[in-house]
Amino acid sequence: MDINNKILKKLKELQQKEGSLPQFLELYRQLLIIQVEAMASVPLPKPLPTKADISATLKKGIPLLKWDALSIDWPAFQKLSQAAAAAIVEHTKPAHQNLKDITSDIPSLQKAAKAWYEGSPLSPWANSYGIDENLLSAAIHCAIKPFLTAQVETFARLIDQEQWRRRFCPICGGKPDFAFLDKELGARWLLCSRCDTEWLFQRLECPYCGTTDHKELAYFADDKELYRLYICQKCHTYLKAIDLRKTEAEILLPLERVMTVDMDRQGQEKGYKGG
């Protein structure tokens with residue numbers, strides 16, 4: 001909650017300075033407001049796991065929150081998805097109006113949410129409703145995030161970082177979409193694309209295909225060497241990162257992933273895709 005409020009404050013300051021926000025940032029702000037308002041009423045999971053239980057699960061290489069363990073209030077989830085769909089339609093093409101239809105169909109919405117969480121394609125529902133798969137993913141992500149966050153905050157402080165070091169999130173199993181080098185040792189940490197969990201990872205390994213061949217791995221840096229674009233020649237993916245040793249200002253990592261959209265463009269122009 002604290003970091004989300006800081007992000008909203010930062011965006012408000014940017015809006016006041018510039019007069020308005022770019023459309024993609026305004027959409028991000030609206031979706032974040034929807035999530036923050038919902039987070040205040042989402043209860044913590046019970047019973048709470050013990051550190052021993054968490055350690056035993058992680059040793060097996062299993063994320064802590066499988067789908068069946070994720071407590072979701074479906075009527076509340078539906079309201080959140082409807083609010084998210086309305087915001088997305090407002091800031092995209094009118095042709096995406098159909099996105100609102102699936103949020104009125106709870107059985108389809110539940111199945112799509114489960115598929116999204118387990119990493120299965122959303123194409124069956126996207127094709128059925130004639131909607132963009134990425135926008136459906138965004139609506140589901142916005143609606144599920146408050147429930148996910150409530151449990152993430154419980155688990156995160158109990159994780160032994162040295163015990164994990166895998167290519168997917170120790171809590172929800174999501175893939176990383178951003179990284180940072182810490183101030184102390186320059187160690188590389190990954191940021192989960194779904195729940196924002198941070199976890200320690202190897203510097204010389206692709207977080208997507210797992211190759212450790214240094215000939216396949218490289219990175220580009222900006223002039224100030226603040227930002228890095230890690231690339232993998234083997235699986236043709238890229239990962240955005242920030243070097244916290246190069247800045248004194250407070251960095252809000254979830255906001256950085258959005259503010260660095262130009263790095264996505266650069267990676268894609270070089271022939272790579274986001275992992």
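**Figure 1. Burial and overall dimensions of the protein chain.** Of the 275 residues in the protein chain, 48% are buried (under 20% relative accessible area with a 1.4 Å probe, protein chains only; exposed means over 50%, and partly exposed lies in between). The model is predicted, so local features need pLDDT of at least 70 and side-chain atom pairs count only at pLDDT 80 or more, while totals for chains, interfaces and linings use all residues. Residues are numbered from 1 along each chain as its sequence is written, and side-chain values use heavy atoms, with hydrogens and water left out. The protein chain has 10 helices and 7 strands (DSSP runs numbered from the N terminus: helices are H or I with at least four residues, strands E with at least two). Its radius of gyration is 19 Å, close to the 19 Å given by the globule rule for 275 residues, so the chain is as compact as a globular protein of that length (taken over C-alpha atoms; the rule is 2.2 Å times the number of residues to the power 0.38). The C-alpha trace spans about 50 × 50 × 35 Å along its principal axes. Among contacts with a separation of 6 or more, 62% are between residues 24 or more positions apart (contact means heavy atoms within 4.5 Å).

Figure 2. Asn4, Ile7, Leu8 and Leu11 are the buried residues of H1. They cover an arc of only 95° around the axis, and therefore lie on the same side of H1 (the arc is that of the directions from the helix axis to the C-beta atoms). These buried residues pack against helix H2 (23-39) and helix H9 (253-259). Asp2, Lys9, Lys12, Gln16 and Lys17 are exposed on the other side of H1. After H1 comes Gly19, with a positive phi near 95°.

**Figure 3. Helix H2 and its surroundings.** From first to last C-alpha, the 17 residues of H2 reach 24 Å, close to the 24 Å expected at 1.5 Å a residue. H2 is largely enclosed by the rest of the structure, because 12 of its 17 residues are buried. Among them are Leu25, Tyr28, Leu31, Ile34 and Met39. The partners of the buried H2 residues are H1, H4, helix H8 (133-156) and H9.

**Figure 4. Aromatic pairs and a ring cluster.** The structure holds 7 aromatic pairs (rings of Phe, Tyr and Trp, the last by its six-membered ring, with centres within 6.5 Å; planes under 30 degrees apart are stacked, over 60 edge-to-face and the rest tilted). One of them joins Trp74 and Phe77 edge-to-face, at 5.0 Å centre to centre and 70° between the planes. Trp74 and Phe77 are separated by about one helical turn because they are 3 residues apart in helix H4 (residues 74-90). Phe77 is buried, at 0% relative accessibility. The Trp116 and Tyr117 rings have centres 6.5 Å apart and planes at 45°, so this pair is tilted. Trp116 is buried at 10% relative accessible area, and Tyr117 is buried at 6%. Ring pairs link Trp67, Trp74, Phe77, Trp116 and Tyr117 into a cluster.

**Figure 5. Charges over the rings of Tyr219 and Phe220.** The charged end of Arg228 sits over the Tyr219 ring, 4.1 Å from its centre (NZ of Lys or CZ of Arg within 6 Å of the ring centre and within 35 degrees of the ring normal). Lys270 lies over the face of Phe220, 4.4 Å from the ring centre.

Methods. The expected span of a helix is 1.5 Å times one less than its number of residues.
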